[in-house]
Amino acid sequence: VLKKDGILVLTTPNKLWYFSIWLANTLKLRPYQGLENWISWNQMKKNLNKIGFSIEKMSGIHLLPFIHPIIYPVLDYFHRYSRTYLGKIMINMAVKCKKI
């Protein structure tokens, strides 16, 4: 429950990357066993607008599926573009929105 003008901050995996998690789970490379909601970038925006939220900021997180310190500079570089076209293809999505 969120009152008018309340702020919601949400992160979720990007549906575009579901295949990589399915493969990691199938090969038993990923110990995670929780519940995850897989939704696309455009569907996230559509759903939030439909239920009465105004999106203030939306961005992607992590361009590559495997994170290792050696690639941090590459990830940092691409995070500059996480609110533009690259955000739509990043592994996770983050959104900040306001209840209207």
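Visitor: How far apart are the closest N and O atoms in the salt bridge between Glu56 and Lys96?
Guide: Side chains of opposite charge can pair when their charged atoms come close. A salt bridge is counted when a side-chain nitrogen of Lys or Arg is within 4 Å of a carboxyl oxygen of Asp or Glu. For Glu56 and Lys96, the closest N and O atoms have a separation of 3.7 Å.

Visitor: What kind of model is this?
Guide: Residues are numbered from 1 along each chain as its sequence is written, and side-chain values use heavy atoms, with hydrogens and water left out. Local features need pLDDT of at least 70, side-chain atom pairs count only at pLDDT 80 or more, and totals for chains, interfaces and linings use all residues, since this is a predicted model.

Visitor: How many residues apart in sequence are the parts that Glu56 and Lys96 tie together?
Guide: Strands (E, at least two residues) and helices (H or I, at least four) are DSSP runs, numbered from the N terminus. Glu56 and Lys96 form a salt bridge. Glu56 belongs to strand β2 and Lys96 to strand β3 (residues 92-99), so this pair joins parts whose distance in sequence is 40 residues.

Visitor: Which residues are linked in a network of salt bridges?
Guide: The structure holds 2 salt bridges. Besides the one with Lys96, Glu56 meets the side chain of Lys98 in a salt bridge at 3.8 Å, N to O. The network is made up of Glu56, Lys96 and Lys98.

Visitor: What pattern does the protein follow along the sequence?
Guide: The secondary structure comes to 3 helices and 3 strands. Read along the sequence, these follow the pattern β-α-α-β-α-β.

Visitor: Is Leu29 buried or exposed?
Guide: Buried means under 20% relative accessible area, exposed means over 50%, and partly exposed lies in between, with a 1.4 Å probe and protein chains only. Leu29 sits in the loop between α1 and α2 (41-50). Because its relative accessible area is 62%, Leu29 is exposed.

Visitor: Which residues make the nonpolar surface patch of about 560 Å²?
Guide: Patch residues have over 30% relative accessible area and no salt bridge; like charges are joined within 9 Å, and nonpolar side chains (Val, Leu, Ile, Met, Phe, Trp, Tyr) within 5 Å. Accessible areas come from the Shrake-Rupley method with a 1.4 Å probe, and for residues only the protein chains shown count as cover. This patch is made by Tyr18, Trp22, Leu23, Leu27 and Leu29.

Visitor: Which helix gives the largest share of the lining of the largest pocket?
Guide: On a 1 Å grid over the protein atoms alone, a pocket is an open set of points where a 1.4 Å probe fits, with protein on both sides within 12 Å along at least five of seven lines, and lining residues have an atom within 4 Å of a point. The largest pocket is lined by 16 residues, and Ser20, Ile21, Arg30, Pro65 and Phe66 lie nearest its centre. With 4 residues, the largest share of the lining comes from helix α1.

Visitor: What is the phi of His62, which is not a glycine?
Guide: Most residues other than glycine have a negative phi. His62 lies in the loop between β2 (53-61) and α3 (72-79), and His62 is partly exposed at 27% relative accessible area. The phi of His62 is positive, about 65 degrees.
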